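Let's take a walk through this structure, one piece at a time. Keep the 3D view open as you read.

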Amino acid sequence: MARIIRMDQTGHTTLAEWTEGDAAAIEAAVAAFREQLDAGYYAVVTTGEGQAEQVRELPLDAELVILRRPIAGG
Amino acid sequence: MAVLPETASVYWRPRIDSARLRRRGRLWTITTLAHSIPFLATAALLLALEPLSFPVAAIAVVHAWGIPALYANRGAGVVRPRPRSGPAPERVALGLLGDLLGHDARELHAGTGLALERGRLGVWLVAEAGALLVRPGGKRVDCWCVKVDGELPSADRTAHLLLALREDEEGFATVANLAFSGAAWRLRRRLPAAVRPALDAARALA
């Protein structure tokens, strides 16, 4: 089952889960994904060892989509 | 190539690459020498003119040694641990970070609090509010101050930086502020003892 998680003060929160072919779950996941992007989160998927990619559309074939906050120089 | 979106907030900075890092490293070395050489020259001159001025010359030598050490101390500060959240969030966050790391890096993080990541610019050690970049060859280390705002468990803060680094290494270095660039041995002396094995591991890989 694929998931969207958001890193937050609880460690992380699962915002949506879906499986291939479950249209309702996918629709809910896309809505949750867009809502978080609109709130300023960035979505990242791991694309191999030591590699990650920012995504702006929910990749339905990804197993895990991680939402992170922006970073800045300290 | 994907560009880290946060680079837009520092649009005036030239994008960091290996050549630019080398130039900045040389500039740090020149600055360090510019701070130290006048004190050493003063000490030598005092001793040449009047050997009895030895105590004053010794103070000048201490300054020549101490100023670079203070810079290194600032660099070491980027990997010092920050206040912890509650045990439950920390445990959850640590699980996610562990999933992102390989076995060896996970063990190193458990012992030192730093996540080791190989990159094109060198070997990174990612902490909660900063990162060390061990340059190829392992002799020079760049210390970067970079963070994520808001209340987060420490492992989540590290995971934020690790993911951003994996998205765009050069963009990550562009967004971060360089706090120190200098000899690995000088930095190592200023690191907490628990963290030093991570630096040693990164130097061995660099």
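## Two helices side by side

In this predicted model, helix H4 (residues 103–112) and helix H8 (residues 196–205) of chain B have axes that come within 8 Å and cross at roughly 150°. Angles over 145 degrees count as roughly antiparallel, and H4(B) and H8(B) are therefore roughly antiparallel to each other.

Who does the touching? On the H4(B) side we have B:Leu108, B:Gly111 and B:Thr112, and they meet B:Pro197, B:Ala198 and B:Ala201 in H8(B). The residues of this contact split into four nonpolar, two polar and no charged.

## Chain B as a whole

Stepping back, chain B has eight helices and five strands. Read from the N terminus, its elements go α-α-α-α-β-β-β-β-α-α-β-α-α. Its C-alpha atoms fill a box of roughly 65 × 35 × 30 Å, taken along the principal axes.

Chain B has 206 residues, and 45% of them count as buried. Take the contacts in chain B with a separation of 6 or more: 72% of them are between residues 24 or more positions apart.

## Helix H2 and what covers it

Now look at helix H2 of chain B, which covers residues 54–76. With 23 residues at 1.5 Å a residue, H2(B) should span 33 Å, and its end C-alpha atoms are 33 Å apart, so the two agree.

Which residues of H2(B) are buried? They are B:Ala57, B:Ala60, B:Ala64, B:Pro68, B:Tyr71, B:Ala72, B:Gly75 and B:Ala76. The cover over these buried residues includes helix H1 (18–49), S4, strand S5 (177–183) and helix H7 (184–190) of chain B.

S5(B) is itself mostly covered, with five of its seven residues buried. S5(B) also has a strand partner: six bridges join S4(B) to S5(B), and the two run antiparallel. One pair to find is B:Arg140 with its bridge partner in S5(B), B:Ala183.

## The sheet in chain A

Over in chain A, five strands form an open sheet in the order S2-S1-S5-S3-S4, with mixed pairing. Strand S2 (11–18) and strand S4 (51–55) of chain A are at the edges; each has a single partner strand, so one side of each is left without a neighbour in the sheet. From one strand to the next, the twist averages 30°.

Inside that sheet, strand S1 (residues 2–8) and strand S5 (residues 64–68) of chain A pair in the parallel sense over four bridges. To spot this in the view, find A:Arg3, which stands opposite A:Leu64 in S5(A). Chain B joins in here too: helix H5 (residues 154–167) of chain B packs on the sheet and touches S1, S2, strand S3 (42–48), S4 and S5 of chain A. The direction of H5(B) makes about 90° with that of S4(A).

## Where the chains meet

How many residues does each chain bring to the contact? Chain B gives 34 residues and chain A gives 21 residues. On the chain B side, the elements giving two or more residues are helix H3 (87–100), strand S1 (115–118), strand S4 (140–148) and H5 of chain B. H5(B) supplies the largest share of that side, eight residues. Sorted by class, the chain B side has 18 nonpolar, seven polar and nine charged residues.

The chains also pair strand to strand. Strand S6 (residues 71–73) of chain A and S4(B) run antiparallel, joined by three bridges. Among the residues involved, A:Ile71 has B:Val148 in S4(B) as its bridge partner.

Key
Residues are numbered from 1 along each chain as its sequence is written. Chains are lettered from A and ligands numbered from 1 in the order in which they are written. This is a predicted model: local features need pLDDT of at least 70, side-chain atom pairs count only at pLDDT 80 or more; totals for chains, interfaces and linings use all residues. Two strands pair if DSSP finds at least two bridges between them. Axes are lines fitted to C-alpha atoms, for helices over the stretch in contact, and angles run from 0 to 180 degrees between N-to-C directions. Two residues are in contact if their C-beta atoms, placed from the backbone, lie within 7 Å. Ala, Val, Leu, Ile, Met, Phe, Trp, Tyr, Cys and Pro count as nonpolar, Asp, Glu, Lys and Arg as charged, and the others, Gly among them, as polar. Angles under 35 degrees count as roughly parallel, over 145 as roughly antiparallel, 65 to 115 as roughly perpendicular and the rest as oblique. The expected span of a helix is 1.5 Å times one less than its number of residues. A residue is buried if 20 or more other C-beta atoms lie within 10 Å of its own, exposed if 12 or fewer, and partly exposed in between; C-beta atoms are placed from the backbone.
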